[in-house]
Amino acid sequence: MSAPLQNDRFLRALARQPVDRTPIWIMRQAGRYLPEYRATRAQAGDFMSLCRNPELACEVTLQPLRRFALDAAILFSDILTVPDAMGLGLYFSEGEGPRFERPVQDEKAIRALGVPDPNDALGYVMDAVRTIRDALAGSVPLIGFGGSPWTLATYMVEGGSSKDFARIKTLIYDRPELADQLLSTLAEASAQYLSAQVEAGAQAIMVFDTWGGALPPAAYRRFSLQPMAHIVQRIRRDHPGVPVTLFTKNGGQHLEIMADTGCDALGLDWTTELGDARRRVGDRVALQGNLDPAMLHASPERIREGVAEVLASYGQGPGHIFNLGHGITPGVDPEHAQALVEAVHALSPAYHQQG
């Protein structure tokens, strides 16, 4: 657990300190594009059984690190573990994604929600964090993560994925105070959950706000950003020095107010120009991103060009973590992921030369 860190590029970049090259990790780097992942998932039986088995979760976390020279590992889990621990009955339906047996769709259900003890109801996640940290033996840092309260709320109220978010948007517009209560409960549950991940061994935290971009500006500030700010403040208070990254998909218009939360870094999707984002937030936060995941279906030569474009957009100096603008997709050839990593290794040192 206390093995000295051999590769700290990722943590140094988050702190906007000099590095020899831009660090890289890949959202969903442990996933279905890897044949070894598919084999381990088949061994587990189903997705949630894989998440709930600390040894197998550790195995799939390490698989991409065996293939690629990445600068960080990320805990293998799911963003919906917190509402599952609240007793909503998470399951995964083939072709439909996550579903809840008992969605939260009335005032009584919202007021009945409690904050689960992360070391009890979510103890399997903490066991996975400890197992992964031990297995990494200080090779690279481990990222812990969770879904943003707003994103969790969308699944809980809708009962699963949604195209128009009709139920949750009706709630925030018709009963905003009730929505505030739901999001306050989720913010506290998420803060405790992520804090417990740090205590178990996570060295950085990332909050995935997958659906914040579905909100208009005022609603985003109240129902998405404010609960995330609560999480940032809690981690800063309880675990000073542990960096927190916020990522709102389709949230490029909100970067300045996201930086105001006191987070250490912002993740960007591919719809925001990296250089423009850097000019807007200055040196307040590091930036992570933001190659279009679809670029990995192109030729290795085109992938290298795409990497060059992203690096040039950010420009000289520290504070950039290379990543995709969202998760790697299942159909990507692992050799193309290798081409991505090699291109970052080859092209990024020129942006970090001193003097």
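This tour goes through the model one selection at a time.

The model is predicted, so local features are described only at pLDDT of at least 70 and side-chain atom pairs only at pLDDT 80 or more, while totals for chains, interfaces and linings use all residues. Residues are numbered from 1 along each chain as its sequence is written, and side-chain values use heavy atoms, with hydrogens and water left out. Helices (H or I, at least four residues) and strands (E, at least two) are DSSP runs, numbered from the N terminus.

**The sheet**

Start with the open sheet of 7 strands, whose order is E1-E4-E5-E6-E7-E8-E9, with parallel pairing. Two strands count as paired if DSSP finds at least two bridges between them. Select 73–74 for strand E1 and 320–324 for strand E9: these are the edge strands, and each pairs on one side only. Ala73 stands opposite Leu142 of E4.

Stay with the sheet and select Asn290, in strand E8 (residues 286–291). The peptide bond between Gly289 and Asn290 is cis, with omega about -5°. In general, most peptide bonds are trans.

**The hairpin**

Now select residues 90–93 and 97–100, strands E2 and E3, which pair in the antiparallel sense over 4 bridges. The bridge partner of Tyr91 is Arg99 in E3. The hairpin has 3 residues between the strands, and Gly95 takes a positive phi near 85°.

Two packed helices are described by the angle between their axes and the distance between the axes. Here axes are lines fitted to C-alpha atoms, for helices over the stretch in contact, and angles run from 0 to 180 degrees between N-to-C directions.

Select helix H4 (residues 54–67) and helix H7 (residues 123–136): their axes are 8 Å apart, at an angle of about 45°. H4 and H7 are therefore oblique to each other (angles under 35 degrees count as roughly parallel, over 145 as roughly antiparallel, 65 to 115 as roughly perpendicular and the rest as oblique).

To show the contact (heavy atoms within 4.5 Å), select Pro54, Ala57, Cys58, Thr61, Leu62 and Leu65 of H4 with Tyr124, Asp127, Ala128, Thr131, Ile132, Ala135 and Leu136 of H7. By class, the contact of H4 with H7 has 10 nonpolar, 2 polar and 1 charged residues. Ala, Val, Leu, Ile, Met, Phe, Trp, Tyr, Cys and Pro count as nonpolar, Asp, Glu, Lys and Arg as charged, and the others, Gly among them, as polar.

Next select Ala137, in the loop between H7 and E4. Ala137 has a positive phi of about 50° although it is not a glycine. With a relative accessible area of 41%, Ala137 is partly exposed (buried means under 20%, exposed over 50%, partly exposed in between, with a 1.4 Å probe and protein chains only).

**Helices H14 and H15**

Move to helix H14 (residues 300–314) and helix H15 (residues 334–347), whose axes come within 9 Å and cross at roughly 45°. That makes H14 oblique to H15. The crossing of H14 and H15 is right-handed. Residues in this contact include Ile303, Val307 and Leu311 of H14 and Leu340, Val344 and Leu347 of H15. The contact of H14 with H15 divides into 11 nonpolar, 1 polar and 1 charged residues.

**Buried positions**

Select residues 149–158, helix H8, where 10 of the 10 residues are buried. Among them are Trp150, Tyr155 and Glu158. Gly159 follows H8 and has a positive phi, near 90°.

Go on to Leu171, in helix H9 (residues 166–174). Leu171 counts as buried at 11% relative accessibility. Leaving aside neighbours within four places in sequence, Leu171 is in contact with Ile110, Val157, Pro176, Leu178, Ala179 and Leu182.

Finish with Gln197, in helix H10 (residues 176–200). Gln197 is buried, at 0% relative accessibility. Not counting residues up to four places away in sequence, Gln197 touches Leu75, Val125, Met126, Val129, Gly144, Phe145, Ala202 and Ile205.

Conventions. Left-handed = near helix turned anticlockwise from the far one by under 90°.
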